[in-house]
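Here is a quick tour of a protein model, with the cut-offs spelled out along the way. Have a look at the structure first, then read on.

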Amino acid sequence: MSANVFASRLARLEGKGFTIRTARDVLLESYDAAWSHSTAWAILVGGITAAFLSFWVASRITRSLIHMEQIIHQVALGDLNERVPASEIPELNRLGRSFNRMAIQLEDVEQRRRELITDLTHELRTPLTIIRGYLEAWEADKLTPNLEAYQLLIQETRRLERLTNDVQELSIAEAGHLSLNLTPLAIKPLVDRLIQTLSAQLDDDGPVLQLDFPANTPFVLADSVRTEQILMNLLSNALRHTTSGTITVQVTSGDHEVWIAVQDTGSGISDDDLPHVFERFWRSKVSKAQSTRNTGIGLAISRRLVELQGGKIVAESQLGVGSTFRFSLPTLT
């Protein structure tokens, strides 16, 4: 093609009076040879360049993949602090970020597992120590069995049973394997039953349980058993910290939800402690000072049960004035 163009150009030059007819064939052969030679060099140089670039790119990808494989191996061995560094290759960089997010989640799960084991060990140690101490004292004839000691052993045994059940239920709830039977539920009969049951167990000088329930409160879509469990946990918590005064269950309707609040006039929670009330095994300084026998898991279970039913739970408190725990449940419409 190039030779034809060149020949056409020579013909136009000859038409203008140039005499290069004798050199025509030689020039065409020279051009053809030069073109073929340059083409061969272009192919050779292009091939070498492409091979070099391919090798260079492959080397960079291979090094990055080998480094990533080493980090994955370290994470598999338990070193969850390892992270894949950023890469200049966009695809590998996205893969590295995804792996780092997974490693962060695994690290969080592992941290929670360690905290659970630590807290559970601590909570189990106290009742086991009491039970063992009495049994060893009786065996060595250092202490005479009496009704008060038997009652204490029964109390600590029940505490162990509650702790075991609560931990098992919390574990199932946090794993999302807790079965729920969501049906239309009227709140008032449930609350009335709980208040009647708990009021019968209170002393005359104890707190008064009362209900604030609007007549037009809609039905909620909830599990009746789990909702009763949430309310029982909140009411029991209020009773532990309210020696006198009132505990009010207040129900209000919102936008496609019903809020149920348990308000008490008890000891209250400090501003420093309030953010931790829904954590597992957490107990306030007041609770620890009073040596209450709660497991410290009830509020954590309540929060998870509320969330599983599509609601929210919040806590408000003022030290020395009282506390309010409120949670929401979705309505039918």
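Predicted model: local features only at pLDDT ≥ 70, side-chain atom pairs only at ≥ 80, totals over all residues.

## Helix α4 and its start

At the start of α4, a side-chain oxygen of N146 comes to within 3.2 Å of the backbone nitrogen of E148. Residues are numbered from 1 along each chain as its sequence is written, and side-chain values use heavy atoms, with hydrogens and water left out.

Helix α4 covers residues 147-174, and its 28 residues reach 40 Å from first C-alpha to last, close to the 40 Å expected at 1.5 Å a residue (the expected span is 1.5 Å times one less than the number of residues). Helices here are DSSP runs of H or I with at least four residues, strands are E runs of at least two, and both are numbered from the N terminus. Buried means under 20% relative accessible area, exposed over 50%, and partly exposed in between (1.4 Å probe, protein chains only).

## Aromatic pairs

How many aromatic pairs does a search of the whole structure find? It finds three. Rings of Phe, Tyr and Trp (its six-membered ring) pair if their centres lie within 6.5 Å; planes under 30 degrees apart count as stacked, over 60 as edge-to-face and the rest as tilted. Y134 and W138 make an edge-to-face pair, at 6.1 Å centre to centre and 65° between the planes. Both sit in helix α3 (residues 90-139), four residues apart, about one turn of the helix. Y134 counts as partly exposed because its relative accessibility is 24%, whereas W138 is buried at 15%.

F278 and F325 are another edge-to-face pair, with 6.0 Å between centres and 85° between planes. F278 lies in the loop between β5 and α7 (285-289) and F325 in strand β7, so the pair ties together parts 47 residues apart in sequence. Both F278 and F325 are buried. Ring pairs also link Y134, W138 and Y150 into a cluster.

Strand β5 (residues 257-264) has seven of its eight residues buried, so it is largely enclosed by the rest of the structure. Seven bridges join β5 to strand β4 (residues 246-253), and the two run antiparallel; strands pair if DSSP finds at least two bridges between them. Q250 stands opposite A261 in β5. The two strands form a hairpin with three residues between them, and H256 in the turn has a positive phi of about 65°.

β5 also pairs with strand β7 (residues 322-330), antiparallel over seven bridges, and I260 has F327 as its bridge partner in β7. Among the residues R326 touches are W259, I260 and A261, leaving aside residues up to four places away in sequence; contact means heavy atoms within 4.5 Å.

## The whole chain

The chain has eight helices and seven strands, and buried residues make up 32% of its 333 residues.

Key:
Polar contact = N/O pair within 3.5 Å; in protein donor to acceptor, adjacent residues only side chain to side chain.
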